[in-house]
Amino acid sequence: ARELVTEQHCVDGATYDPRLLCFEFVSRIALRGKQVKMVRDMVEAVGNGNPLVHQMLMGEGKTTVVTPLVVLLSATAERACVVCVPAAILEFTCRVLRERLRGTLARPVVLFSFARATEVSDDLYLRLLLAQDSRGALCSGPTAMKSLMLRFLLTIHDIDLTRNRESERSESNRHSRRSFVQSLMSWTTRGSTAAAAKALLNKLSYEAEVLSSAFRVFRGAVLLLDDIDLLMHPLRSELHWPLGDTHKLDFTAALGGQSNASGDAGRDAGASLMSYIAGSPIGARWQAAFHLLDGFFSCQLSNGPAVTSLSGQGTAPGVLKKLRKVVERGLQEKQLQASPHLALLSTTFYHEELRPVLAEWMLLWLRRRHPIPVQDTHLLAYLCGSKVDEKVIKGLGDHQLKALNLARTWLAVLMPHLASRIHRVHYGLLSESATGWTKEPRARRYFAVPFVGKDAPSDSSQFSHPDVVIGL
């Protein structure tokens, strides 16, 4: 009896929308007035080309009623309807939409997945075209859509690089002065190189055309975002890939090594070519990070290589003793936490209490690795962010200034950021037993990757800052 007297909100006087009536019949539900009004507001906003945001509580039919109805009323053969949801509920959303839209309504639900290593082919575009032509729902996670965009940019970038290299090679061969014999001997090599470049360019152009066609489907589509606060969160939803050629950074090899980009090793001619951290021929960029982090974590764990190498030398024991006292006070005042490992909770505490002591600890590395003819008081003031007379550092060489700025960057920006990260919550290594581990890029296999939750690594992201990668 209660069902017989239930008000029909899809009927307005003598008029009604048959699509809403059919949806009620197929789904065996009675639409609420609030749901019908929300759906009509969304469809009107789509027609006018205006964005619209609604807040709904759990249980009000966001996934089971509103989303399939908006797809039913908005999707056309010329305009796809894309439903973007967090990865955790993607499978559930697809299952619910299939229950509501397939069968009598004959609207397919197509799952779109794309990653950095996905092979680009016509199937990618045809799958999107199927969802559009059949007026169905195209379900996707945010990572897949961002990966498609980044892959397109990467492909366009590779096309430009390939064309530039081929142009430079042709120009170089045209102006090179070679004898007839040399030209004859290099003819075969030039031909094979040109053929390989042409084949690569054709492959990249094909991928760019397919990706561009896929973007045309998305560009004119209706986009429904579920849990928009999570999807648009700058830290939980970011996706980073390295783009372009790799270039050597300063201090990335031991002094005298081939990959030392600064080329100013003469200033430290008397310094050892070996690392003071672990006895390996690595560069100062790694040493600075290891030295700083080793001193910080030795306050709770056993002494690491950096602390051991300075044991009993000069002022190092006194600096470490002072550092441990500051860390103990921070733990007592809840400015630091000890579990699951030593981590920073307050940046104010770091800059006021920890940074001055860590600057003294960093100065030991600077004095040992990069002799700088400046008094300790001026260097400590510079490392702590205070103003220093330009005359004090004006006479320093390029190599010395770069080392000093590297140390200051670590103390001011990198150290407070990394010290606040929790292992296996914010970052960690991928497990070798994980599915698809062998297909991952080398950077994701051997370096720390971002985590989106406890023991939940990001599907595709990489840390974009090289010193953050070193530190983690």
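User: Why is E24 called buried?

Analyst: This is a predicted model, in which local features need pLDDT of at least 70, side-chain atom pairs count only at pLDDT 80 or more, and totals for chains, interfaces and linings use all residues. Residues are numbered from 1 along each chain as its sequence is written, and side-chain values use heavy atoms, with hydrogens and water left out. Now to E24. Its relative accessible area is 6%. Buried means under 20%, exposed over 50%, and partly exposed in between (1.4 Å probe, protein chains only). So E24 counts as buried.

User: Where does E24 sit, and what does E24 touch?

Analyst: E24 is in helix α1. Helices are DSSP runs of H or I with at least four residues, strands are E runs of at least two, and both are numbered from the N terminus. Leaving out residues up to four places away in sequence, E24 touches Q8, C10, I29, A30 and L31. Touching, or contact, means heavy atoms within 4.5 Å.

User: What makes the E24 and L31 pair a polar contact?

Analyst: A polar atom of the E24 side chain lies 2.7 Å from the backbone nitrogen of L31. The cut-off is a pair of N or O atoms within 3.5 Å; within protein, one must be able to donate a hydrogen and the other to accept it, and residues adjacent in sequence count only if both atoms are side-chain atoms.

User: How do you know that the buried residues of α1 line one face?

Analyst: Helix α1 covers residues 18–27, and its buried residues are L20, F23, E24 and S27. Seen down the axis of α1, they fall within an arc of 100 degrees, so they line one face of the helix. The arc is that of the directions from the helix axis to the C-beta atoms.

User: What makes D17 a cap for α1?

Analyst: A side-chain oxygen of D17 lies 3.0 Å from the backbone nitrogen of R19, at the N-terminal end of α1. Just after α1, R28 takes a positive phi of about 60 degrees.

User: Why is α3 called mostly covered?

Analyst: Of its 13 residues, 11 are buried. Among them are T63, V65, P68 and L73. The buried residues of α3 pack against several elements, including α1, α2 and β3 (81–84).

User: What makes K402 and D250 a salt bridge?

Analyst: The closest N and O atoms of K402 and D250 are 3.3 Å apart. A salt bridge needs a side-chain nitrogen of Lys or Arg within 4 Å of a carboxyl oxygen of Asp or Glu. K402 and D250 qualify, at 3.3 Å. K402 lies in helix α15 and D250 in the loop between α8 (228–231) and α9, so the pair ties together parts that are 152 residues apart in sequence.

User: How many salt bridges does the structure hold?

Analyst: There are 16. One of them joins R285 and D467, at 3.0 Å from N to O. R285 is in helix α9 and D467 in helix α17, 182 residues apart. Both are buried.

User: What makes a group of residues a nonpolar core, and which members touch the most others in the largest one?

Analyst: A nonpolar core is a set of buried Ala, Val, Leu, Ile, Met, Phe, Trp, Tyr and Cys residues joined through side-chain atoms within 4.5 Å. The largest has 50 residues, and L354 and L404 touch the most other members. Its largest share, 12 residues, comes from α12. A second, separate core of 30 residues includes M56, C81, L101 and L224.
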